[in-house]
Amino acid sequence: MDATTAAGDRLLATFSPDSRPAGRADMFAAGRRNEDLVLEHLRPALTTMRPDARWLPDDLEAARLPRGEWWVVDAVEGNVNHIHGMPEWGVTVTLVRDEAPVLTVVRQPIGDLTYSAVTGGGAFCNDHRMQVSAKTDLDAAIVATGQAEVGQTDTYRRIGASVAALLGRALVVRAFVPSTFPMLLVASGRHEAFWQYGPVLPGVAAGALFVREAGGTVSRVDGSAWRPGSPDIIVAAPGVHAAAVAVLRDIA
């Protein structure tokens with residue numbers, strides 16, 4: 001936890017609410033600087049903690065993981081928000097063991113928020129235990145989805161179709177970048193569901209553990225079991241999960 005907090009502090013030192021990049025080149029340069037700033041210290045610290053845990057490479061972010069322990073890290077979750085002066089950014093660190101997230105820490109410096117969860121130990125925001133919503137009606141639910149990676153044309157179509165379908169069923173439908181934050185909203189009971197097509201593991205590993213430990217349900221959008229490498233994910237309060245799946249499962 002200390003290493004994640006220190007990484008967040010380093011990012012906070014470079015953050016300005018007045019930041020406004022002029023274009024994509026500026027954005028990518030600033031984003032790379034942020035990642036390098038964090039990983040320079042975070043990666044050695046995590047390696048010292050778990051010397052046998054492997055570091056998730058880019059080519060396995062959307063693939064099934066081999067057995068064993070893996071550090072799944074998003075050095076700047078919400079990098080695009082950070083470099084545009086918005087507060088929804090942080091550092092996420094998750095330990096995945098045999099395809100299951102077992103420990104996670106998310107540090108959000110804006111607001112001085114540290115989220116943590118361990119399998120079987122509950123989910124916490126600072127010292128406050130997190131609990132999913134008790135709602136049981138989809139028409140009273142706030143739901144959200146996330147944006148796909150660049151170039152996934154078919155995924156874009158599915159996102160649009162899913163939003164259109166849920167606009168007629170849920171109370172409010174939102175879209176978020178990055179994925180961790182709406183998943184934390186589900187774990188805290190402020191939202192009832194989040195779904196995403198084409199997720200990458202650094203974006204959803206932490207949130208999956210938080211929602212489970214807060215009493216929620218994690219699956220694929222057709223209701224089957226989710227694991228790293230699954231092509232989609234939904235996390236939800238138990239009372240609305242089945243209804244949300246019933247809407248989403250028929251979107252091809």
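Guide: A pocket is an open set of points on a 1 Å grid over the protein atoms alone, with protein on both sides within 12 Å along at least five of seven lines; a lining residue has an atom within 4 Å of a point. The model is predicted, so local features need pLDDT of at least 70 and side-chain atom pairs pLDDT 80 or more, while totals for chains, interfaces and linings use all residues. Residues are numbered from 1 along each chain, and side-chain values use heavy atoms, without hydrogens or water.

The second largest pocket holds about 290 Å³ of space, a volume being the space filled by probe spheres set on the joined points. Its lining consists of 15 residues, and those nearest the centre are Tyr115, Leu184, Leu185, Ser188 and Arg190. By class, the lining has eight nonpolar residues, four polar and three charged. Here Ala, Val, Leu, Ile, Met, Phe, Trp, Tyr, Cys and Pro are nonpolar, Asp, Glu, Lys and Arg charged, and the others polar. Strand S7 (128-129) and helix H5 each supply at least two lining residues, and H5 gives the largest share, namely three. Helices (H or I, at least four residues) and strands (E, at least two) are DSSP runs.

Helix H5 covers residues 180-187, and eight of its eight residues are buried, so this helix is largely enclosed by the rest of the structure. Buried means under 20% relative accessible area, exposed over 50%, and partly exposed in between (1.4 Å probe). Thr180, Phe181, Pro182 and Met183 are among the buried residues of H5, as are Leu184, Leu185, Val186 and Ala187. After H5 comes Gly189, with a positive phi near 85°. A cis peptide bond, with omega of about 5°, joins Val177 to Pro178.

Strand S9 leads on to the sheet. Five strands form an open sheet in the order S9-S8-S10-S12-S11, with mixed pairing; strands pair if DSSP finds at least two bridges between them. Its edge strands, S9 (172-176) and S11 (217-219), each pair on one side only. From one strand to the next, the twist averages 15°. Helix H4 (residues 153-167) packs on this sheet and touches S8 (142-146), S9, S10 (193-197) and S12, and its direction makes about 155° with that of S10. Contact means heavy atoms within 4.5 Å, and angles run from 0 to 180 degrees between N-to-C directions of axes fitted to C-alpha atoms. Ser219 stands opposite Ile234 in S12.

Two loops complete the picture. Asn126 sits in the loop between strand S6 (122-125) and S7, the strand that also contributes to the pocket lining. Although Asn126 is not a glycine, its phi is positive, about 50°. With 36% relative accessibility, Asn126 counts as partly exposed. Asp112 belongs to the loop between strand S4 (100-108) and strand S5 (113-118). Asp112 is likewise not a glycine and has a positive phi of about 55°. Its relative accessibility is 49%, so Asp112 counts as partly exposed.

Methods. On a 1 Å grid over the protein atoms alone, a cavity is a set of points where a 1.4 Å probe fits but cannot get out, and a pocket is an open set with protein on both sides within 12 Å along at least five of seven lines; lining residues have an atom within 4 Å of a point.
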